[in-house]
Amino acid sequence: MDSVAGLFIGSFIIGLSGAIMPGPVLVVVVGQTPRRGFWTGPLVVLGHGVLESLLVAALILGMAEFFSSSAVLSTVAFIGGVVLLYMGVDMLRTAGKLTLIAEADSSSESRDLNPVLAGVLTSLANPYWTLWWATIGLGYMVIAREKGAAGLTVFLTGHIMADLVWYSVVSSLVAGGKRWLTDSFYRGMIRFCAVVLLFFALYFGWHGLHGISG
């Protein structure tokens, strides 16, 4: 951990441990990949990574205390719950019309949330993402800053690479399933993902309201 290589490996492993946990980002990748293909995962990670880069810059500029405050976390939880509620309801509403077969009229696909934007919104909608960065992420950054700009760059690169590797694997598996996935199974999978999003919406929203009222 004292070397730049050690920082990268440690950051990659810690990032991977968070990436493989089920959450809104995974749900979006699984839900959009059958229609958008393999690049869904990398594109979602792009949005996720841009947001994380901005957050790291904010933490470096001294906003760690702001991001770790209970008021901010409660507000993030509530707003996140609202965003996830909208996404979940919209997925349930359109699930019956979706198909794995590309149609000449791409109007239905245009209604899908852009995967890069989805990477941003699902990250923002998850209060534990903010909490992770305000605690574990910030702590690791303290170590990385001892190596200067190179250390912080390697830390962020290792973290984003963990997300990229994991969600690329997920996209590959789901995209490969187009050979055997039927429309009915696909629609069922979308409905399942929508229910998961609604669960996160209620869970985050309740914690947000509880924190605000408390």
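Predicted model: local features only at pLDDT ≥ 70, side-chain atom pairs only at ≥ 80, totals over all residues.

Visitor: Okay, how do the axes of H3 and H9 cross?

Guide: The axes of helix H3, residues 40–60, and helix H9, residues 148–176, come within 9 Å and cross at roughly 160 degrees. Angles over 145 degrees count as roughly antiparallel, and therefore H3 and H9 are roughly antiparallel to each other.

Visitor: Is that crossing left-handed or right-handed?

Guide: The crossing of H3 and H9 is right-handed.

Visitor: And which residues make the contact?

Guide: On the H3 side they include Val45, His48, Glu52 and Val56, while on the H9 side Phe155, His159, Asp163 and Tyr167 are among them. Taken by kind, the residues of this contact divide into 10 nonpolar, 8 polar and 2 charged.

Visitor: How far does H3 reach from its first C-alpha to its last?

Guide: H3 has 21 residues and reaches 30 Å between those two atoms, which is close to the 30 Å expected at 1.5 Å a residue. Just after H3, glycine 62 takes a positive phi of about 95 degrees.

Visitor: Switching topic, what does aspartate 90 form a salt bridge with?

Guide: Its partner is arginine 93, and the closest N and O atoms of the two are 2.5 Å apart. The count for the model comes to 1 salt bridge.

Visitor: Where do aspartate 90 and arginine 93 lie?

Guide: Both lie in helix H5, residues 70–94, and they are 3 residues apart, about one turn of the helix. An α-helix has 3.6 residues a turn, so residues three or four places apart point the same way.

Methods:
Residues numbered from 1 in each chain as written. Heavy atoms only, no water. Axes fitted to C-alpha atoms, helices over the stretch in contact; angles between N-to-C directions. Helix = DSSP H or I, 4+ residues; strand = E, 2+ residues; numbered from the N terminus. Parallel < 35°, antiparallel > 145°, perpendicular 65-115°, else oblique. Left-handed = near helix turned anticlockwise from the far one by under 90°. Contact = heavy atoms within 4.5 Å. Nonpolar A, V, L, I, M, F, W, Y, C, P; charged D, E, K, R; others polar. Expected span 1.5 Å × (residues − 1). Salt bridge = Lys/Arg side-chain N within 4 Å of Asp/Glu carboxyl O.
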